Amino acid sequence: MPLKQVRTARRMAAGMHGVQAKEAGDVTARVDAARDDLVALTQDLIRIPTLNPPGDCYRDICDYLAARLKRSGFAVELLRAEGTPGDSDRYPRWNVVARREGRRPGPCVHFNSHTDVVETGKGWTVDPFGGEEKDGRIYGRGACDMKGGLAASIVAAEAFIAACPDYPGAIEISGTADEETGGYGGVSWLAEKGYFDPARVQHVIIPEPLNKDRICLGHRGVWWAEIETHGRIAHGSMPFLGDCAVRHMGAVVQEMEASLFPALATRTTAMPVVPDGARHSTMNINSFHGGQAEPEPGYTGFPSACVPDSARMIVDRRYLIEENAEDVRQDVVDLLERVKAARAGFSYDLRELWQVSPTMTDRDAPVVRSVARAIEAVFDRPASYVVSPGTYDQKHIDRIGRLKDCIAYGPGILDLAHQPDEYVGIDDMMESAKVMALALCDLLKPAE
Ligand SMILES: [Zn+2]
């Protein structure tokens, strides 16, 4: 065993109850031996252009994953989320769930990765679906978010199975659709079908690109709403005969600037959200529209002269674990009522569009402790803990599945996600795969 592996093995043995130095060394050596395989697997996954929208090639990537995991002894199910948003015969929402039973009863560890990627956008200097390897990195759309993480979890599971064939419990690996558009044809649907029932699955790792030495415990909450102000249409040359809905909406924005935004900035959280700016309550004005529909780009005609009788605004409020959705809504209602009291002719509607509760897995939860010990063993320094400013599929596992022992952990730099020339570092994937394999050793302890 090379010196570095001996050290890793000793640290594992010292820090991880029930894990023998031999197993730890064996599992990390097997990951080391799989380097070329990990590179090729990541490249293959990038070369399947699973763009979402529209939700292309889901069946292709599921078939690829199914063939790979069957070879490693997994029982594989292909599942189409029929009738979910976007599902059609042209763009069916396929998911793959693979499960490998151990030799005796025990807990199930599930690795969940989304297979979809966002549009490529402009500014690429490499083929976004070429999977090019250069300077120790693999490039392509989805390299870091999150095909690199998916590949690392597969290699980790295979290394663990080879090193510890007598493990108890079960290992599951899923490749799921539509995370980038809300997860309704993917994890949400699988959770509704019972795939994330705590009776079936006990620990979940989502290999999103949160950096190889950080554990992401959860995310802030989301509350989206549409505010509409009403007016009365009239000729634009005689606005005094009508009532301008956009001016009413302007008063709403003014009140937000005067009271709501400053109040949100003072609310801070104990959640370790990154970046620091997201450690407060925040609100974005997503869109603002009043009056006649705006002309298509390139249209050179004039709109007709009318006083707008309606203005609409969509707000995206991200909230903290110390707040609740009812209070978040009440803040906006109170604000609108203040404007109404001060302004003649003001009337409004408030429509709630979407709400996700904040979630944060306990630092003492089994999956957190196991991954933290594995990070310490691989990097010889303690893990750091973060919370994501935005949501990801953990929301469905938490809310629908009622499964709390869930984290995001995976290789790649979050800032590169959705950018041109997205890449994942090969060393980062290797180290992450070791962490995942060692976490398996810890969570699925072999017979004493
Ligand atoms: Zn992602």
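The model is predicted: local features need pLDDT of at least 70, side-chain atom pairs count only at pLDDT 80 or more, and totals for chains, interfaces and linings use all residues. Residues are numbered from 1 along each chain as its sequence is written.

**Nonpolar cores**

- The largest nonpolar core has 102 residues; such a core is a set of buried Ala, Val, Leu, Ile, Met, Phe, Trp, Tyr and Cys residues joined through C-beta atoms within 7 Å.
- A residue is buried if 20 or more other C-beta atoms, placed from the backbone, lie within 10 Å of its own.
- Among the residues with the most contacts inside this core are Val155, Phe160 and Leu440.
- Helix H5 (residues 143-163) supplies the largest share of this core, 14 residues; helices (H or I, at least four residues) and strands (E, at least two) are DSSP runs, numbered from the N terminus.
- Leucine 440 touches Val109, Ala156, Ala157, Phe160 and Ile171, leaving aside residues up to four places away in sequence; contact requires C-beta atoms, placed from the backbone, within 7 Å.

**The open sheet**

- Three strands form an open, antiparallel sheet in the order E4-E5-E16; two strands pair if DSSP finds at least two bridges between them.
- The edge strands, E4 (133-134) and E16 (423-425), each pair on one side only.
- Strand E5 (residues 137-139) is joined to E16 by three bridges, and tyrosine 139 stands opposite tyrosine 423 in E16.
- Helix H3 (residues 35-46) packs on the sheet, touching E4, E5 and E16.
- Helix H11 (residues 426-443) also packs on the sheet, touching E5 and E16.

Definitions and conventions
Buried ≥ 20, exposed ≤ 12 C-beta atoms within 10 Å, placed from the backbone. Contact = placed C-beta atoms within 7 Å. Axes fitted to C-alpha atoms, helices over the stretch in contact; angles between N-to-C directions.
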